[in-house]
Amino acid sequence: YTERGDEIPHRARPNKDSLLFYAWHYIDQGENFRTKKISPSKSPYEFQFDLIKDKDISEEINNSPLLSYLMFKNDKIIIDEVSPKDRFGIVFNDETNWTSHSVGKSIVSYIAGHAICEGYIESTETTLGDWEVLNDTLYANVKLIDLLNMNAGDHKYVTEEKGLIKTGRWFNQHGIKSYAENELKGSQKSKNKYNYHGLATNIIFNYVAHKAGKNFKDLLKDIWQNKVKIKNEVWITTPDEDSFSYRYAHLLTRYDYLRFARAILEDWQNNTCVGDYLKTIYDQRINKNNDEIAKEYGGQFHFNYPGLSSLNILGMQGFGGQQILIDLDNSTIIVINSIHYGYDDKKIVTKKLKSYKNY
């Protein structure tokens, strides 16, 4: 992950006061970037609860950077923990729009799946050459599936650590057109190689917007209001210097993240058109190179998690420890919002997905 001056470094383990400051900072930062709003559904999905107390989760919520922990099992929330008022609850609650960070990459993929099912894009095999913004760049000859898999042969020009290599510009600061006319002008595709970075997702998102044209806002409303059935507003962020473009980070409340994950699980299990899209990107997933999160990547999702190889897990990950893991076969979802890393992932994710498999 890129470590910017306004973010806690990945491996730092700050104290409570520093974490509280950054929680406030991330919320305030999100306020500045949230320029595109999706209003709540007129009939939001209402959760059923069958709550139990889990000692491991309670310990972590009171002693780590965790903000929220939700476990959803067989159509009911069975674990629901949120940071108390004397910890981070002073700035975070059920109505807080918290940043997705790179979980937003998976959100963009889900939107792309709907764009295919609605006929705006032919398939995952489509090349992006019909978007004039990408003319004279390597991306004009790249298939959508290769962008979805972070496998576009672009590693000579952009990486997650360096941004746009030629200038060091960060991929969330400007619109795609700016990069295409500068750092990427005349670029040539290299051999496909897994190369995780945010520019790929921003290209996908803005390509979908281009293909849907004047219907793009209606497409987003249909997804969020009628499919996910959000209860609170969802905000879509834009680049620092181009409010007419889109970037992958989204801002949702903790329960709306769960509503989003539930929609994915429902699509997968009911073989909808979007479910078929999810199965396509699963089938076309690729191996990573010694990645610490998961062994495989497909369509902006993580697969084959260490310690969970016996389960069919579709995963989403974001800076600061944001996580959504879906056990597709056992109808289990874990959603985590966190200020930073530092919670015991094995204890509250890996162990719980195994122990609650047959709950």
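Does K347 count as buried or exposed at 18% relative accessibility? K347 counts as buried, since its relative accessibility is 18%, where buried means under 20% relative accessible area, exposed over 50% and partly exposed in between (1.4 Å probe, protein chains only). This is a predicted model, in which local features need pLDDT of at least 70 and side-chain atom pairs count only at pLDDT 80 or more, while totals for chains, interfaces and linings use all residues. Residues are numbered from 1 along each chain as its sequence is written, and side-chain values use heavy atoms, with hydrogens and water left out.

- The whole structure contains 19 salt bridges, each defined as a side-chain nitrogen of Lys or Arg within 4 Å of a carboxyl oxygen of Asp or Glu.
- One of them joins D54 to K352, with 3.1 Å between the closest N and O atoms.
- This pair links distant parts of the chain, 298 residues apart: D54 lies in the loop between β2 (48-49) and α2 (55-63), and K352 in helix α10 (residues 345-355). Helices (H or I, at least four residues) and strands (E, at least two) are DSSP runs, numbered from the N terminus.
- Both D54 and K352 are buried.
- A salt bridge also connects the side chains of E59 and K347, at 3.5 Å from N to O.
- Here too the partners come from distant parts of the chain, E59 from helix α2 and K347 from helix α10, 288 residues apart.
- E59 is partly exposed, with a relative accessible area of 35%, whereas K347 is buried.

- In the salt bridge of D256 with R259, the closest N and O atoms are 2.9 Å apart.
- D256 and R259 are separated by about one helical turn, because they are three residues apart in helix α8 (residues 254-270).
- D256 and R259 are both buried.

**Packing of α8 against α9**

- Two packed helices are described by the angle between their axes and the distance between the axes.
- Helix α9 (residues 273-283) packs with α8 at an angle of about 90°, and the axes are 7 Å apart; axes are lines fitted to C-alpha atoms, for helices over the stretch in contact, and angles run from 0 to 180 degrees between N-to-C directions.
- α8 and α9 are therefore roughly perpendicular, a term for angles of 65 to 115 degrees.
- From α8, I264, D267 and W268 meet V274, G275, L278, K279 and Y282 of α9, contact meaning heavy atoms within 4.5 Å.
- By class, this contact has five nonpolar, one polar and two charged residues. Ala, Val, Leu, Ile, Met, Phe, Trp, Tyr, Cys and Pro count as nonpolar, Asp, Glu, Lys and Arg as charged, and the others, Gly among them, as polar.

Notes:
Parallel < 35°, antiparallel > 145°, perpendicular 65-115°, else oblique.
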